[in-house]
Amino acid sequence: MQEQMNVLEVTGLNVYYGSFHAVKDISFTLRPGEIFGLLGPNGAGKTSTLSAVEGLLKPRSGTIVVAGFDMKEKPRHARAALGVQLQFTSFQPELKVGEIIQLYAGIYGVAMPADKLAGILQSIKLEDAADKKFGQLSGGQQQRVSLAIATLHNPTLVLLDEPTSGLDPQSRRQLWERMEVLREKGHTIILTTHSMEEAEAVCDRIAIIDHGAILVIDTPQSLIDTYRENPAVVSASRRGKITLEDVFIGLTGETIRS
Ligand SMILES: Nc1ncnc2c1ncn2[C@@H]1O[C@H](COP(=O)(O)OP(=O)(O)OP(=O)(O)O)[C@@H](O)[C@H]1O
Ligand SMILES: [Mg+2]
């Protein structure tokens, strides 16, 4: 059987803000249908990495290939294969939800007849929200709208930056289910999260990054198994009940980032 092409190939990525080296020589690949998590403390470089992949930020060096398209050589093709939910989304608060979805459908060149719009709103449990102003929605409702917009054009790769921060448990579970549905439809997803529970629940593989560099990439369970007996990472008292969070703290340290 012919092997399927990687959906994303990031090689030797370096991002600088002025003289500050925010992303240090990061490389990873995403396979088709995979849900991949980027975990790391505040300021680790997660959003910067995603921004480079999204083509929103020009890396100092490295290559990014999305669905076979090099971001430098074929930026429009690469971007067309991407659906993006930013960490802080703000749509015009005065616009109605239905208008915003129509607007983005227009930008993406996707037809949006009334019944399709109704279906989208129903799928995010906001069937009565078409005529509500975006600014009147709760934070979680706004996030559901922004995810729906990120996937309007059926992108191959969906990038979600902390999609469940601030969501209640119900909305969070619903978003996990939506990610599974997206995966079943053939999408590949990369998300950032600070929730170890979420990483274990939805991610096939995770990368833990800190100070701009990738420390490990593996499945959540393999990470737990690998570090269970490693005294440099997990203290003896935790070994019996080791969680992904123990591994995370063991690898990234206990210091709060400035
Ligand atoms: N526009 C910018 N100008 C200068 N420095 C920046 C800029 N954006 C981010 N940084 C710095 O780059 C580093 C990485 O930031 P980034 O936003 O990628 O972190 P993150 O892992 O997404 O963190 P968080 O979990 O808090 O969202 C941080 O030290 C941050 O202060
Ligand atoms: Mg971030």
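Predicted model: local features only at pLDDT ≥ 70, side-chain atom pairs only at ≥ 80, totals over all residues.
1. **The four-stranded sheet.** Start with the open sheet of four strands. Its order is β2-β1-β4-β5, and the pairing is antiparallel. Two strands sit at the edges, β2 (20-30) and β5 (69-70). Each of these edge strands pairs on one side only.

2. **β1 against β4.** Look next at the pair formed by β1, residues 8-17, and β4, residues 61-66. The two strands run antiparallel and are joined by five bridges.

3. **The β4-β5 hairpin.** β4 and β5 run antiparallel, with two bridges between them. V65 has D70 in β5 as its bridge partner. Together β4 and β5 form a hairpin, with two residues between the strands. Check A67 in the turn: its phi is positive, about 50 degrees.

4. **The shell around ligand 1.** How many residues surround ligand 1? There are 14, and the closest are G43, G45, K46, T47 and S48. By type, the shell divides into five nonpolar, seven polar and two charged residues. β2 and α1 each supply at least two residues of this shell. α1 gives the most, with three residues.

5. Which atoms of T47 approach the ligand? An N or O atom in the T47 side chain is 2.8 Å from an oxygen atom of ligand 1. The backbone also takes part. A backbone N or O atom of G43 lies 2.8 Å from a ligand 1 oxygen atom. For A44, a backbone N or O atom is 3.1 Å from an oxygen atom of ligand 1. On its own, ligand 1 has 640 Å² of accessible area, and the protein covers 61% of that.

6. **The six-stranded sheet.** The other open sheet has six strands, in the order β6-β7-β8-β3-β9-β10. Here the pairing is mixed. The edge strands are β6 (82-85) and β10, and each pairs on one side only. Neighbouring strands of this sheet are turned by 15 degrees against each other on average, with direction ignored.

7. **A parallel pair.** Is the pairing of β3 with β8 parallel or antiparallel? β3 (residues 35-39) and β8 (residues 188-192) pair in the parallel sense, over four bridges. Within this pair, F36 has I190 in β8 as its bridge partner. Helix α9, residues 244-252, packs on the sheet and touches β3, β9 and β10. The direction of α9 makes about 30 degrees with that of β9.

8. β9 spans residues 205-210 and β10 spans residues 213-218. Five bridges join them, and they run antiparallel. I208 has V216 in β10 as its bridge partner. β9 and β10 form a hairpin with two residues between them. In the turn, H211 has a positive phi of about 45 degrees.

Conventions: Residues numbered from 1 in each chain as written. Chains lettered and ligands numbered in written order. Heavy atoms only, no water. Pairing = 2+ DSSP bridges. Near = heavy atom within 4 Å. Polar contact = N/O pair within 3.5 Å; in protein donor to acceptor, adjacent residues only side chain to side chain. Areas by Shrake-Rupley, 256 points an atom, 1.4 Å probe, with all protein chains shown as cover. Nonpolar A, V, L, I, M, F, W, Y, C, P; charged D, E, K, R; others polar. Axes fitted to C-alpha atoms, helices over the stretch in contact; angles between N-to-C directions. Contact = heavy atoms within 4.5 Å.
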